[in-house]
Amino acid sequence: MAEFDYDLFVIGGGSGGVRAARIAATHGARVAIAEEYRYGGTCVIRGCVPKKLFVYASRFAEEFEDAGGFGWTVGESSFDWQKLVEAKDAEITRLEGIYRRNLERSGVEIFDSRAVIEDAHTVLRLSDNRRITAKYILVAVGGTPNVDADLPGGEHVITSNEAFHLADFPKRVVVAGGGYIAVEFAGIFNGLGAETTLIYRGEEILRGFDMDLRRTLHEEMEKKGIRVICGDIFTSIEKTSSGLVGMTLKGERIEADKIMFAIGRRPNTAGLGLEKAGVETNATGAIVVDGQSRTNVPSIYAIGDVTDRVNLTPVAIREGHAFADTIFGNKTWMADHDLIPTAVFSQPEIGTAGLTQEEAAAKYRNLDIYRSSFRPMKHTLSGRDEKMLMKMIVDADTDKVLGVHVMGADAGEMAQLVGVALKMGATKADFDATMAVHPTAAEELVTMREPSERIRG
(Lines give C-alpha, C1' and ligand atoms only; values in the text may rest on other atoms or scores of the structure.)
Protein backbone atom coordinates (compact mmCIF):
# COMPACT_ATOMS: atom_id res chain seq x y z
CA MET A 1 0.00 0.00 0.00
CA ALA A 2 1.32 3.43 -0.97
CA GLU A 3 2.38 5.75 1.82
CA PHE A 4 0.40 8.63 0.27
CA ASP A 5 -2.82 8.86 -1.75
CA TYR A 6 -0.95 10.70 -4.50
CA ASP A 7 2.59 11.53 -5.45
CA LEU A 8 1.50 15.11 -6.23
CA PHE A 9 -1.52 17.19 -5.28
CA VAL A 10 -1.86 20.49 -7.14
CA ILE A 11 -3.99 23.25 -5.63
CA GLY A 12 -5.09 25.55 -8.44
CA GLY A 13 -6.12 24.74 -12.01
CA GLY A 14 -4.60 27.68 -13.83
CA SER A 15 -2.08 27.43 -16.65
CA GLY A 16 0.87 26.80 -14.34
CA GLY A 17 -0.84 24.22 -12.15
CA VAL A 18 -2.28 22.36 -15.12
CA ARG A 19 1.10 22.23 -16.86
CA ALA A 20 2.80 20.91 -13.73
CA ALA A 21 0.11 18.27 -13.21
CA ARG A 22 0.21 17.06 -16.81
CA ILE A 23 4.00 16.85 -17.02
CA ALA A 24 4.26 15.09 -13.66
CA ALA A 25 1.66 12.55 -14.78
CA THR A 26 3.53 11.87 -18.04
CA HIS A 27 6.57 11.08 -15.89
CA GLY A 28 4.51 8.38 -14.17
CA ALA A 29 3.45 10.23 -11.03
CA ARG A 30 0.02 9.72 -9.44
CA VAL A 31 -1.42 13.24 -9.66
CA ALA A 32 -4.58 15.01 -8.52
CA ILE A 33 -5.57 18.62 -9.03
CA ALA A 34 -8.24 20.73 -7.33
CA GLU A 35 -9.78 23.96 -8.65
CA GLU A 36 -12.62 25.81 -6.94
CA TYR A 37 -13.76 27.89 -9.93
CA ARG A 38 -12.97 26.92 -13.54
CA TYR A 39 -9.96 25.24 -15.12
CA GLY A 40 -7.71 27.58 -17.06
CA GLY A 41 -7.12 30.08 -14.28
CA THR A 42 -7.17 33.84 -14.43
CA CYS A 43 -5.54 34.06 -17.84
CA VAL A 44 -8.00 31.84 -19.70
CA ILE A 45 -11.19 32.46 -17.73
CA ARG A 46 -11.08 36.14 -16.72
CA GLY A 47 -7.77 37.57 -17.82
CA CYS A 48 -5.52 37.56 -20.86
CA VAL A 49 -7.73 35.60 -23.25
CA PRO A 50 -11.14 37.27 -22.78
CA LYS A 51 -9.38 40.62 -22.44
CA LYS A 52 -7.73 40.28 -25.84
CA LEU A 53 -11.04 39.24 -27.38
CA PHE A 54 -12.48 42.47 -25.98
CA VAL A 55 -9.50 44.40 -27.36
CA TYR A 56 -10.21 43.00 -30.82
CA ALA A 57 -13.85 44.05 -30.51
CA SER A 58 -12.91 47.56 -29.40
CA ARG A 59 -10.72 48.19 -32.46
CA PHE A 60 -13.47 47.87 -35.04
CA ALA A 61 -14.79 51.41 -34.62
CA GLU A 62 -11.45 52.81 -35.80
CA GLU A 63 -11.23 50.19 -38.56
CA PHE A 64 -14.59 51.33 -39.89
CA GLU A 65 -13.38 54.95 -39.85
CA ASP A 66 -10.07 54.10 -41.51
CA ALA A 67 -11.76 52.16 -44.31
CA GLY A 68 -12.87 55.40 -45.97
CA GLY A 69 -9.29 56.30 -46.80
CA PHE A 70 -8.99 53.08 -48.79
CA GLY A 71 -12.09 53.58 -50.89
CA TRP A 72 -14.58 51.69 -48.75
CA THR A 73 -17.96 53.09 -47.81
CA VAL A 74 -19.05 51.52 -44.56
CA GLY A 75 -22.74 51.67 -43.78
CA GLU A 76 -24.39 52.30 -40.46
CA SER A 77 -22.91 50.18 -37.69
CA SER A 78 -23.95 49.36 -34.14
CA PHE A 79 -22.46 47.47 -31.24
CA ASP A 80 -24.19 44.78 -29.17
CA TRP A 81 -22.48 44.20 -25.82
CA GLN A 82 -24.51 41.09 -25.06
CA LYS A 83 -23.48 39.40 -28.30
CA LEU A 84 -19.83 40.07 -27.49
CA VAL A 85 -20.17 38.67 -23.96
CA GLU A 86 -22.01 35.58 -25.24
CA ALA A 87 -19.39 34.93 -27.93
CA LYS A 88 -16.61 35.40 -25.37
CA ASP A 89 -18.30 33.03 -22.93
CA ALA A 90 -18.66 30.36 -25.61
CA GLU A 91 -14.96 30.56 -26.43
CA ILE A 92 -13.93 30.42 -22.78
CA THR A 93 -16.13 27.36 -22.25
CA ARG A 94 -14.46 25.70 -25.24
CA LEU A 95 -10.99 26.46 -23.86
CA GLU A 96 -11.86 25.19 -20.39
CA GLY A 97 -13.00 21.94 -21.98
CA ILE A 98 -9.61 21.58 -23.65
CA TYR A 99 -7.84 22.08 -20.31
CA ARG A 100 -10.00 19.39 -18.69
CA ARG A 101 -9.54 16.92 -21.53
CA ASN A 102 -5.78 17.40 -21.55
CA LEU A 103 -5.64 16.66 -17.82
CA GLU A 104 -7.80 13.57 -18.22
CA ARG A 105 -5.73 12.27 -21.14
CA SER A 106 -2.60 12.67 -19.02
CA GLY A 107 -4.15 10.58 -16.26
CA VAL A 108 -4.61 13.41 -13.75
CA GLU A 109 -7.54 13.07 -11.35
CA ILE A 110 -9.63 16.24 -11.37
CA PHE A 111 -11.50 17.66 -8.38
CA ASP A 112 -13.95 20.56 -8.76
CA SER A 113 -13.45 21.85 -5.26
CA ARG A 114 -11.53 24.25 -3.12
CA ALA A 115 -8.66 22.56 -1.33
CA VAL A 116 -6.68 23.90 1.61
CA ILE A 117 -3.50 22.73 3.29
CA GLU A 118 -3.72 20.82 6.59
CA ASP A 119 -0.07 19.93 7.04
CA ALA A 120 3.09 19.23 5.02
CA HIS A 121 1.53 16.23 3.28
CA THR A 122 -2.22 16.70 3.72
CA VAL A 123 -4.87 18.77 1.97
CA LEU A 124 -8.54 19.10 2.84
CA ARG A 125 -11.00 18.91 -0.06
CA LEU A 126 -13.80 21.22 1.07
CA SER A 127 -16.51 19.84 -1.20
CA ASP A 128 -16.76 16.73 0.97
CA ASN A 129 -14.33 17.46 3.85
CA ARG A 130 -12.09 14.63 2.72
CA ARG A 131 -8.47 14.66 3.80
CA ILE A 132 -6.04 13.63 1.06
CA THR A 133 -2.35 12.92 1.44
CA ALA A 134 0.41 13.52 -1.08
CA LYS A 135 4.17 13.20 -1.12
CA TYR A 136 4.36 16.66 -2.66
CA ILE A 137 1.92 19.57 -2.64
CA LEU A 138 2.14 22.27 -5.32
CA VAL A 139 0.39 25.59 -4.69
CA ALA A 140 -0.62 27.35 -7.91
CA VAL A 141 -3.61 29.47 -6.89
CA GLY A 142 -2.50 32.67 -8.63
CA GLY A 143 -3.53 36.16 -7.63
CA THR A 144 -6.67 38.20 -7.10
CA PRO A 145 -7.45 41.89 -7.78
CA ASN A 146 -6.58 44.40 -5.09
CA VAL A 147 -9.37 46.55 -3.72
CA ASP A 148 -9.17 49.53 -1.39
CA ALA A 149 -11.02 48.21 1.63
CA ASP A 150 -10.72 51.54 3.45
CA LEU A 151 -12.22 53.64 0.65
CA PRO A 152 -15.65 55.00 1.60
CA GLY A 153 -18.04 53.60 -0.99
CA GLY A 154 -15.50 51.06 -2.19
CA GLU A 155 -18.21 48.41 -2.28
CA HIS A 156 -19.60 50.10 -5.40
CA VAL A 157 -16.55 49.51 -7.61
CA ILE A 158 -15.86 46.58 -9.92
CA THR A 159 -12.59 44.86 -10.81
CA SER A 160 -11.46 43.15 -13.99
CA ASN A 161 -13.24 40.01 -12.75
CA GLU A 162 -16.66 41.65 -12.99
CA ALA A 163 -15.88 43.68 -16.12
CA PHE A 164 -16.16 40.56 -18.26
CA HIS A 165 -19.72 39.87 -17.12
CA LEU A 166 -21.48 43.25 -16.94
CA ALA A 167 -25.20 42.98 -17.65
CA ASP A 168 -25.20 46.25 -19.59
CA PHE A 169 -22.49 48.25 -21.28
CA PRO A 170 -21.80 51.45 -19.31
CA LYS A 171 -21.90 54.82 -21.05
CA ARG A 172 -19.44 56.43 -18.61
CA VAL A 173 -16.50 54.51 -17.13
CA VAL A 174 -13.64 55.47 -14.83
CA VAL A 175 -10.69 53.11 -14.53
CA ALA A 176 -8.52 53.61 -11.43
CA GLY A 177 -4.94 52.43 -11.89
CA GLY A 178 -2.02 52.89 -14.23
CA GLY A 179 -0.72 49.40 -14.94
CA TYR A 180 -1.26 47.24 -17.98
CA ILE A 181 -4.71 46.02 -16.89
CA ALA A 182 -5.86 49.60 -16.36
CA VAL A 183 -4.64 50.98 -19.68
CA GLU A 184 -5.94 47.95 -21.56
CA PHE A 185 -9.44 48.24 -20.12
CA ALA A 186 -9.46 52.00 -20.65
CA GLY A 187 -8.80 51.30 -24.33
CA ILE A 188 -11.49 48.60 -24.43
CA PHE A 189 -14.22 50.76 -22.88
CA ASN A 190 -13.27 53.76 -24.99
CA GLY A 191 -13.14 51.76 -28.22
CA LEU A 192 -16.56 50.25 -27.56
CA GLY A 193 -18.05 53.71 -27.14
CA ALA A 194 -17.93 54.60 -23.44
CA GLU A 195 -16.87 58.01 -22.19
CA THR A 196 -13.68 56.89 -20.45
CA THR A 197 -11.45 58.36 -17.77
CA LEU A 198 -8.29 56.83 -16.33
CA ILE A 199 -7.09 58.05 -12.93
CA TYR A 200 -3.72 57.05 -11.52
CA ARG A 201 -1.84 58.03 -8.37
CA GLY A 202 1.60 58.01 -10.04
CA GLU A 203 3.25 60.71 -12.11
CA GLU A 204 2.89 58.70 -15.34
CA ILE A 205 1.08 55.54 -16.43
CA LEU A 206 2.75 52.11 -16.85
CA ARG A 207 5.31 52.25 -14.06
CA GLY A 208 8.21 49.94 -14.81
CA PHE A 209 8.09 50.42 -18.57
CA ASP A 210 10.41 52.63 -20.59
CA MET A 211 9.59 56.29 -20.05
CA ASP A 212 9.35 57.06 -23.77
CA LEU A 213 6.67 54.39 -24.09
CA ARG A 214 4.83 55.69 -21.05
CA ARG A 215 4.70 59.29 -22.24
CA THR A 216 3.83 58.43 -25.83
CA LEU A 217 1.06 56.03 -24.86
CA HIS A 218 -0.39 58.71 -22.57
CA GLU A 219 -0.48 61.12 -25.53
CA GLU A 220 -2.02 58.57 -27.89
CA MET A 221 -4.70 57.56 -25.39
CA GLU A 222 -5.73 61.19 -25.02
CA LYS A 223 -5.88 61.56 -28.81
CA LYS A 224 -8.39 58.72 -28.81
CA GLY A 225 -10.59 60.59 -26.35
CA ILE A 226 -9.56 58.97 -23.07
CA ARG A 227 -9.14 61.43 -20.25
CA VAL A 228 -5.95 60.55 -18.35
CA ILE A 229 -5.51 61.98 -14.84
CA CYS A 230 -2.18 61.38 -13.09
CA GLY A 231 -1.20 62.24 -9.54
CA ASP A 232 -4.68 61.79 -8.09
CA ILE A 233 -6.80 59.11 -6.38
CA PHE A 234 -10.36 58.58 -5.26
CA THR A 235 -11.13 59.52 -1.66
CA SER A 236 -14.79 58.47 -1.71
CA ILE A 237 -17.40 56.97 -4.02
CA GLU A 238 -21.12 57.54 -3.65
CA LYS A 239 -23.99 55.73 -5.35
CA THR A 240 -26.68 58.08 -6.68
CA SER A 241 -29.89 57.70 -8.64
CA SER A 242 -27.98 58.40 -11.87
CA GLY A 243 -24.92 56.27 -11.23
CA LEU A 244 -21.76 56.81 -9.21
CA VAL A 245 -19.96 59.94 -8.06
CA GLY A 246 -16.30 59.77 -7.11
CA MET A 247 -14.44 62.50 -5.24
CA THR A 248 -10.68 62.73 -5.63
CA LEU A 249 -7.85 63.88 -3.42
CA LYS A 250 -7.49 67.04 -5.51
CA GLY A 251 -11.17 67.84 -5.10
CA GLU A 252 -12.45 66.71 -8.48
CA ARG A 253 -15.96 65.30 -8.80
CA ILE A 254 -16.23 62.54 -11.41
CA GLU A 255 -19.53 60.97 -12.46
CA ALA A 256 -19.69 57.49 -13.92
CA ASP A 257 -21.92 54.50 -14.50
CA LYS A 258 -19.10 52.11 -13.53
CA ILE A 259 -15.84 52.63 -11.67
CA MET A 260 -13.32 49.86 -12.18
CA PHE A 261 -10.33 49.43 -9.90
CA ALA A 262 -7.20 48.01 -11.51
CA ILE A 263 -4.73 48.91 -8.77
CA GLY A 264 -2.70 45.74 -8.86
CA ARG A 265 -3.14 42.16 -7.78
CA ARG A 266 -2.19 40.24 -4.65
CA PRO A 267 -1.32 36.57 -4.07
CA ASN A 268 -4.46 34.54 -3.48
CA THR A 269 -3.24 32.93 -0.26
CA ALA A 270 -5.93 34.01 2.22
CA GLY A 271 -7.49 31.05 3.98
CA LEU A 272 -5.27 28.54 2.21
CA GLY A 273 -3.91 27.00 5.43
CA LEU A 274 -0.27 27.83 4.75
CA GLU A 275 0.31 28.72 8.38
CA LYS A 276 -0.78 25.23 9.48
CA ALA A 277 2.07 23.70 7.52
CA GLY A 278 4.50 26.46 8.49
CA VAL A 279 4.91 27.77 4.93
CA GLU A 280 6.66 31.14 4.90
CA THR A 281 4.96 34.10 3.23
CA ASN A 282 6.08 37.70 2.89
CA ALA A 283 4.35 40.95 3.82
CA THR A 284 2.10 40.84 0.72
CA GLY A 285 1.05 37.25 1.35
CA ALA A 286 3.23 35.84 -1.41
CA ILE A 287 4.73 32.41 -0.81
CA VAL A 288 8.50 32.65 -0.43
CA VAL A 289 10.32 30.22 -2.74
CA ASP A 290 13.81 29.63 -4.09
CA GLY A 291 14.83 29.36 -7.73
CA GLN A 292 13.40 25.85 -7.94
CA SER A 293 10.04 26.96 -6.52
CA ARG A 294 10.68 25.26 -3.16
CA THR A 295 9.14 26.71 -0.02
CA ASN A 296 10.73 26.37 3.41
CA VAL A 297 8.69 23.16 3.84
CA PRO A 298 10.48 20.45 1.80
CA SER A 299 7.31 18.78 0.52
CA ILE A 300 5.51 21.99 -0.53
CA TYR A 301 6.29 23.97 -3.69
CA ALA A 302 4.66 27.03 -5.24
CA ILE A 303 4.62 28.52 -8.73
CA GLY A 304 3.09 31.43 -10.61
CA ASP A 305 1.53 34.63 -9.35
CA VAL A 306 1.11 33.27 -5.82
CA THR A 307 4.90 33.65 -5.46
CA ASP A 308 4.85 37.23 -6.83
CA ARG A 309 8.04 36.80 -8.84
CA VAL A 310 7.20 37.57 -12.46
CA ASN A 311 3.43 37.58 -12.77
CA LEU A 312 2.92 36.43 -16.35
CA THR A 313 1.15 33.31 -17.58
CA PRO A 314 4.05 31.96 -19.68
CA VAL A 315 6.30 32.29 -16.61
CA ALA A 316 3.91 30.24 -14.47
CA ILE A 317 3.78 27.58 -17.19
CA ARG A 318 7.57 27.43 -17.39
CA GLU A 319 7.88 27.24 -13.60
CA GLY A 320 5.34 24.42 -13.46
CA HIS A 321 7.12 22.48 -16.18
CA ALA A 322 10.49 22.91 -14.47
CA PHE A 323 9.04 21.72 -11.16
CA ALA A 324 7.54 18.57 -12.69
CA ASP A 325 10.65 17.68 -14.68
CA THR A 326 12.89 18.24 -11.66
CA ILE A 327 10.86 16.29 -9.10
CA PHE A 328 9.38 13.52 -11.24
CA GLY A 329 11.36 13.44 -14.49
CA ASN A 330 14.94 13.21 -13.23
CA LYS A 331 15.72 16.36 -15.21
CA THR A 332 16.71 19.30 -13.02
CA TRP A 333 16.27 22.78 -14.46
CA MET A 334 14.90 26.16 -13.43
CA ALA A 335 12.76 28.74 -15.15
CA ASP A 336 14.89 31.67 -16.28
CA HIS A 337 13.34 34.93 -15.14
CA ASP A 338 15.86 37.09 -16.96
CA LEU A 339 14.97 38.99 -20.14
CA ILE A 340 11.28 38.16 -20.47
CA PRO A 341 9.52 39.75 -23.46
CA THR A 342 6.03 41.06 -22.79
CA ALA A 343 3.16 42.89 -24.43
CA VAL A 344 0.59 45.43 -23.30
CA PHE A 345 -2.58 45.32 -25.37
CA SER A 346 -3.16 49.00 -24.96
CA GLN A 347 -4.25 51.08 -27.93
CA PRO A 348 -1.75 51.52 -29.51
CA GLU A 349 -0.18 48.20 -28.51
CA ILE A 350 3.18 47.85 -26.76
CA GLY A 351 5.78 45.12 -27.10
CA THR A 352 8.99 45.14 -25.12
CA ALA A 353 12.03 42.98 -24.39
CA GLY A 354 15.04 43.67 -22.21
CA LEU A 355 15.98 46.69 -20.14
CA THR A 356 14.33 50.08 -20.11
CA GLN A 357 16.58 53.10 -20.60
CA GLU A 358 16.28 53.84 -16.90
CA GLU A 359 17.32 50.31 -15.93
CA ALA A 360 20.17 50.26 -18.42
CA ALA A 361 21.51 53.61 -17.18
CA ALA A 362 21.70 52.19 -13.65
CA LYS A 363 23.78 49.20 -14.80
CA TYR A 364 25.90 50.39 -17.70
CA ARG A 365 28.25 53.33 -18.01
CA ASN A 366 27.92 54.12 -21.72
CA LEU A 367 24.75 53.77 -23.76
CA ASP A 368 23.64 54.48 -27.30
CA ILE A 369 19.92 55.11 -27.68
CA TYR A 370 18.25 54.62 -31.05
CA ARG A 371 14.79 56.11 -31.27
CA SER A 372 12.36 56.46 -34.16
CA SER A 373 8.83 57.88 -34.15
CA PHE A 374 6.79 57.88 -37.34
CA ARG A 375 3.34 57.55 -38.83
CA PRO A 376 2.62 53.94 -39.82
CA MET A 377 2.10 53.34 -43.55
CA LYS A 378 -1.56 52.44 -43.06
CA HIS A 379 -2.34 55.88 -41.72
CA THR A 380 -0.92 57.70 -44.73
CA LEU A 381 -4.25 56.84 -46.38
CA SER A 382 -6.50 56.49 -43.36
CA GLY A 383 -5.44 59.94 -42.17
CA ARG A 384 -5.36 58.86 -38.56
CA ASP A 385 -3.01 60.86 -36.35
CA GLU A 386 -1.27 58.00 -34.55
CA LYS A 387 2.43 57.55 -33.93
CA MET A 388 4.50 54.40 -33.96
CA LEU A 389 7.51 54.38 -31.65
CA MET A 390 10.56 52.14 -31.83
CA LYS A 391 13.49 52.31 -29.45
CA MET A 392 16.67 50.32 -29.04
CA ILE A 393 19.09 50.55 -26.12
CA VAL A 394 22.66 49.48 -26.76
CA ASP A 395 25.69 49.06 -24.51
CA ALA A 396 28.13 51.38 -26.28
CA ASP A 397 31.15 49.47 -24.95
CA THR A 398 30.18 46.01 -26.24
CA ASP A 399 27.53 46.82 -28.91
CA LYS A 400 25.14 44.39 -27.16
CA VAL A 401 21.46 45.26 -27.49
CA LEU A 402 20.07 45.64 -23.97
CA GLY A 403 16.46 46.48 -24.72
CA VAL A 404 13.98 46.94 -27.54
CA HIS A 405 10.69 48.76 -27.08
CA VAL A 406 7.93 49.09 -29.68
CA MET A 407 4.59 50.88 -29.63
CA GLY A 408 2.19 50.43 -32.51
CA ALA A 409 0.32 47.80 -34.50
CA ASP A 410 1.45 44.21 -33.85
CA ALA A 411 4.08 45.33 -31.32
CA GLY A 412 3.41 42.24 -29.22
CA GLU A 413 4.16 39.97 -32.16
CA MET A 414 7.44 41.78 -32.74
CA ALA A 415 8.43 41.48 -29.08
CA GLN A 416 8.28 37.69 -29.20
CA LEU A 417 10.82 37.53 -32.04
CA VAL A 418 12.98 40.35 -30.69
CA GLY A 419 13.07 38.46 -27.39
CA VAL A 420 14.77 35.53 -29.12
CA ALA A 421 17.47 37.79 -30.56
CA LEU A 422 18.14 39.46 -27.21
CA LYS A 423 18.20 36.11 -25.42
CA MET A 424 20.93 35.01 -27.83
CA GLY A 425 22.96 38.14 -27.02
CA ALA A 426 22.46 39.95 -30.32
CA THR A 427 24.51 43.08 -30.99
CA LYS A 428 23.52 46.21 -32.85
CA ALA A 429 25.77 44.98 -35.65
CA ASP A 430 23.68 41.80 -35.85
CA PHE A 431 20.53 43.86 -36.29
CA ASP A 432 22.27 46.06 -38.89
CA ALA A 433 23.45 43.00 -40.83
CA THR A 434 19.90 41.63 -41.08
CA MET A 435 18.09 42.42 -44.32
CA ALA A 436 14.98 44.53 -43.90
CA VAL A 437 11.51 43.19 -44.70
CA HIS A 438 9.89 45.90 -46.81
CA PRO A 439 7.43 47.50 -46.53
CA THR A 440 6.90 46.82 -42.83
CA ALA A 441 7.11 48.85 -39.67
CA ALA A 442 9.44 46.24 -38.18
CA GLU A 443 12.15 47.05 -40.73
CA GLU A 444 12.84 50.18 -38.69
CA LEU A 445 14.54 47.89 -36.15
CA VAL A 446 17.28 47.03 -38.65
CA THR A 447 17.61 50.41 -40.37
CA MET A 448 18.26 52.79 -37.46
CA ARG A 449 21.89 53.77 -38.13
CA GLU A 450 22.74 56.76 -35.96
CA PRO A 451 22.01 57.05 -32.23
CA SER A 452 19.47 59.69 -31.33
CA GLU A 453 21.14 59.98 -27.94
CA ARG A 454 24.56 59.06 -26.55
CA ILE A 455 24.98 58.64 -22.79
CA ARG A 456 28.53 58.56 -21.49
CA GLY A 457 29.90 58.12 -18.00
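Colleague: How are H1 and H9 oriented to each other?

Modeller: Axes are lines fitted to C-alpha atoms, for helices over the stretch in contact, with angles from 0 to 180 degrees between N-to-C directions. Under 35 degrees counts as roughly parallel. The axes of H1 (residues 15–26) and H9 (residues 313–328) cross at roughly 25° and come within 7 Å. H1 and H9 are therefore roughly parallel. This is a predicted model: local features need pLDDT of at least 70, side-chain atom pairs 80 or more, while totals for chains, interfaces and linings use all residues. Numbering runs from 1 along each chain as its sequence is written, and side-chain values use heavy atoms, without hydrogens or water.

Colleague: Which residues make the contact of H1 with H9?

Modeller: Contact means heavy atoms within 4.5 Å. H1 contributes Ser15, Gly16, Arg19, Ala20, Ile23 and Ala24. From H9, the residues include Ala316, Ile317, Gly320, Phe323 and Phe328. The contact residues divide into eight nonpolar, five polar and two charged.

Colleague: Is histidine 379 buried or exposed?

Modeller: Buried means under 20% relative accessible area, exposed over 50%, partly exposed in between (1.4 Å probe, protein chains only). Histidine 379 sits in helix H11 (residues 378–382). Its relative accessible area is 6%, so histidine 379 is buried. Beyond neighbours within four places in sequence, histidine 379 touches Asp66, Arg384 and Glu386.

Colleague: And aspartate 150: buried or exposed?

Modeller: Aspartate 150 has a relative accessible area of 70%, so it is exposed. Aspartate 150 lies in the loop between strand S7 (143–145) and helix H5 (160–163). C-alpha to C-alpha, aspartate 150 and serine 236 are 9.6 Å apart, though 86 residues apart in sequence.

How values were computed:
Helices (H or I, at least four residues) and strands (E, at least two) are DSSP runs, numbered from the N terminus. Angles under 35 degrees count as roughly parallel, over 145 as roughly antiparallel, 65 to 115 as roughly perpendicular and the rest as oblique. Ala, Val, Leu, Ile, Met, Phe, Trp, Tyr, Cys and Pro count as nonpolar, Asp, Glu, Lys and Arg as charged, and the others, Gly among them, as polar.
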